[in-house]
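Dear colleague,

I am handing over the structure below, and I would be glad if you read the notes under it with the structure open beside you.

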Amino acid sequence: MSGLRDLKRQVVHRVQRRVVNPVGRQLPVTMLETTGRKSGQPRHTPVGGRLVDDKFWMVSEHGEHSDYVRNIKANPSVRLRLGGEWRRGTAHPLPDDDAVQRLGNLPRLNSAMVRLMGSELLTIRVDLD
């Protein structure tokens, strides 16, 4: 079973890296900026989620296999572009949170895509400054 999950993750990752992310970077969508763990350069990833008070909630499709999650683990200081405005914050992976239940509280279309494409769901909370 894990072999099929790994294959799914690899295929989805390639499509996202070559098609979805480049297109998303050009659109006025929510954007997560992390610092590359190897390069030290800013990395931008379109994300879906919901702002609740000063916390932004999202679910990573591939959990600890996502490059942006690996970047967060190396340096949790991030920026989020929300409504065209960049805000600084600190990201926290929450492995004990029920990511499937969390998706029920996030935007429906994004949540459906995360469920469909995801292989290892992981909740991420960004505490905004």
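Ser 60 counts as buried, because its relative accessibility is 0% and buried means under 20% relative accessible area, exposed over 50% and partly exposed in between, with a 1.4 Å probe and protein chains only. Please keep in mind that this is a predicted model, in which local features need pLDDT of at least 70 and side-chain atom pairs count only at pLDDT 80 or more, while totals for chains, interfaces and linings use all residues. Residues are numbered from 1 along each chain as its sequence is written, and side-chain values use heavy atoms, with hydrogens and water left out.

Ser 60 belongs to strand S4 (strands are DSSP runs of E with at least two residues, helices runs of H or I with at least four, numbered from the N terminus). Its side chain makes a polar contact of 2.9 Å with that of Ser 66 (a pair of N or O atoms within 3.5 Å, where within protein one must be able to donate a hydrogen and the other to accept it, and residues adjacent in sequence count only if both atoms are side-chain atoms).

The largest nonpolar core has 15 residues, and among those touching the most other members are Phe 56, Leu 80 and Val 126; such a core is a set of buried Ala, Val, Leu, Ile, Met, Phe, Trp, Tyr and Cys residues joined through side-chain atoms within 4.5 Å. Strand S4, helix H2, strand S5 and strand S7 each supply at least two residues of this core, and S7 gives the most, with four.

Val 11, by comparison, lies in helix H1 and is partly exposed, with a relative accessible area of 44%.

Best wishes
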